[in-house]
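Q: I'd like to go through this one with you, piece by piece. Can you keep the cut-offs in view as we talk?

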Amino acid sequence: MILSHGLIVALAVVLLLVLIAVRTPIFIALSVSGITGLLCLSGFDGLKLVPLAMGAQLQEYALVAAPLYILLGEALAVTGLGRDLFAAAHRWFTRVPGGLGASAVASSTLFGAMSGVSISSVALIGRMAVPEMLSRGYKPGFAAGSVAASGALAMLIPPSLMFILYASVTGESVASLFAGGIVPGLLLAALMIGYVVVRAKLNPSSAPRDGETFSWRERWAAIAKITPALVLIALVLGSIYTGFATPTEAAAIGALLAFAVTGLVYRKLGWANLKLIFASTATVSAAMLAIVGSAFVFTQMLVVARVPENLTDFVVGLDVHPYVVLIGIMLVLILLGCLVDAASLLLVVTPILVPAIEELGFDPLWFGVLLVVNLEMAVITPPVGLNLYTMKSVVPELDLGEIFKGIAPYLIIEFALILLMIAVPGTATYLPSVIT
């Protein structure tokens, strides 16, 4: 019996979801389901596409920047920068209701601009901020939610690894995507801080005031302590937007400067930390590149089955407004984000959706930023949300149910930003048009 292409794709997707459900590593799940689909579609000749597909994708120049930005973030992480960021934010937000929660969001935002990896932000900031909040009477859900949700900002605020992955698939400019993420990222951080403050004001038992005060001298001293790292990030992003360096070149320069700052300014570049930096960078980079390669195998199966073209024809043929289609796509992605991690989902859906989005008349750069905002929800949505389990691992006394409960309001905030970006596309497109 010869199966139709549509049925083969459906079975491959079901196989992928089953493998994920039984906790198979995501790169194996993608590879096995993709190879199975190719075998059913093209026989053993289809397997010849596997090494070609993986090689072509992993040779993408934009991907070179990803391990370099990871190296930059890991080099700064060993300096104790997460602790210093949280301390500085706390000194400035101490008079604000829910000040420690607001400090957690602010420090996660700044660290996100240095690492580009959300789980790193959750691990570093959460290890210090959540125990501090719990010791001062904060509700566990309130404390954990503020860190787990704001850690996802690393995906949106440049240098974002998600934008590098999107660029590697679509050919969009990494610099333009970085610029497009700035306004939505800062806006999302402001909305999160606003929620923390309002929640603490309306329900003081969730975040009791501690009455701690700091002098202006202490506040500025805390800022001075993190200034070298902030200057480094400003130089990296500034070199991109002024045209002095490409994003990949800026990543290389930034990594070198991060080692200089870690060694000369913070005095933390001993052999033990060097080993930790390179081991962490290798682990994260290998995991990411394994997912990239395996996701492209799965995508190649979809291309052979002509899924992108068929989806484009179907979407364009719908007798509905393009924005209705777009909202439908966003809702489907939210559901998929509950089952598949963000990076894998981006790599699989981007080559399928972007042709349809362009046919509907939408800007693929704007859609890339919108997609990353949507996928931020994937890392904080059970049962797969990596930030939630990272939060549990660094503060084991937390109950997962409390973490899930604490994250719920932030999902609403994320979706509100998606609606705002759809209503006002300039939130993502104006800055790239000016800078790049």
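Q: Which residues does threonine 281 touch, leaving out those up to four places away in sequence?
A: Threonine 281 touches Pro67, Ile70, Leu71 and Glu74, where contact means heavy atoms within 4.5 Å. This is a predicted model, in which local features need pLDDT of at least 70 and side-chain atom pairs count only at pLDDT 80 or more, while totals for chains, interfaces and linings use all residues. Residues are numbered from 1 along each chain as its sequence is written, and side-chain values use heavy atoms, with hydrogens and water left out.

Q: And is threonine 281 buried or exposed?
A: Threonine 281 is buried, with a relative accessible area of 8%; buried means under 20%, exposed over 50%, and partly exposed in between, using a 1.4 Å probe and protein chains only. Threonine 281 lies in helix H13, residues 271-304, helices being DSSP runs of H or I with at least four residues, numbered from the N terminus. Its side chain reaches the backbone oxygen of isoleucine 277 at 2.8 Å.

Q: Switching to charges, how many salt bridges does a search of the whole structure find?
A: The search finds three, a salt bridge being a side-chain nitrogen of Lys or Arg within 4 Å of a carboxyl oxygen of Asp or Glu.

Q: Which residues are linked in a network of salt bridges?
A: The network links Arg83, Asp84 and Lys225. Aspartate 84 meets arginine 83 at 3.6 Å, N to O, and lysine 225 meets aspartate 84 at 3.8 Å, again N to O. Lysine 225 lies in helix H11 and aspartate 84 in helix H5 (residues 81-93), so this pair ties together parts that are 141 residues apart in sequence.

Q: How accessible are aspartate 84, arginine 83 and lysine 225?
A: Aspartate 84 is buried, at 6% relative accessible area, whereas arginine 83 is partly exposed at 44% and lysine 225 is partly exposed at 48%.

Q: What about glutamate 132, which residue does it pair with?
A: Glutamate 132 forms a salt bridge with arginine 136, and their closest N and O atoms are 2.5 Å apart. Glutamate 132 counts as partly exposed at 27% relative accessibility, and arginine 136 counts as partly exposed at 25%.

Q: One last topic: where is glycine 361 found?
A: Glycine 361 is in the loop between helix H16 (342-359) and helix H17 (364-376), and it is exposed, with a relative accessible area of 64%. Glycine 361 and isoleucine 182 are 179 residues apart in sequence and 23 Å apart in space, C-alpha to C-alpha.

Definitions and conventions
Helices (H or I, at least four residues) and strands (E, at least two) are DSSP runs, numbered from the N terminus. A polar contact is a pair of N or O atoms within 3.5 Å; within protein, one must be able to donate a hydrogen and the other to accept it, and residues adjacent in sequence count only if both atoms are side-chain atoms.
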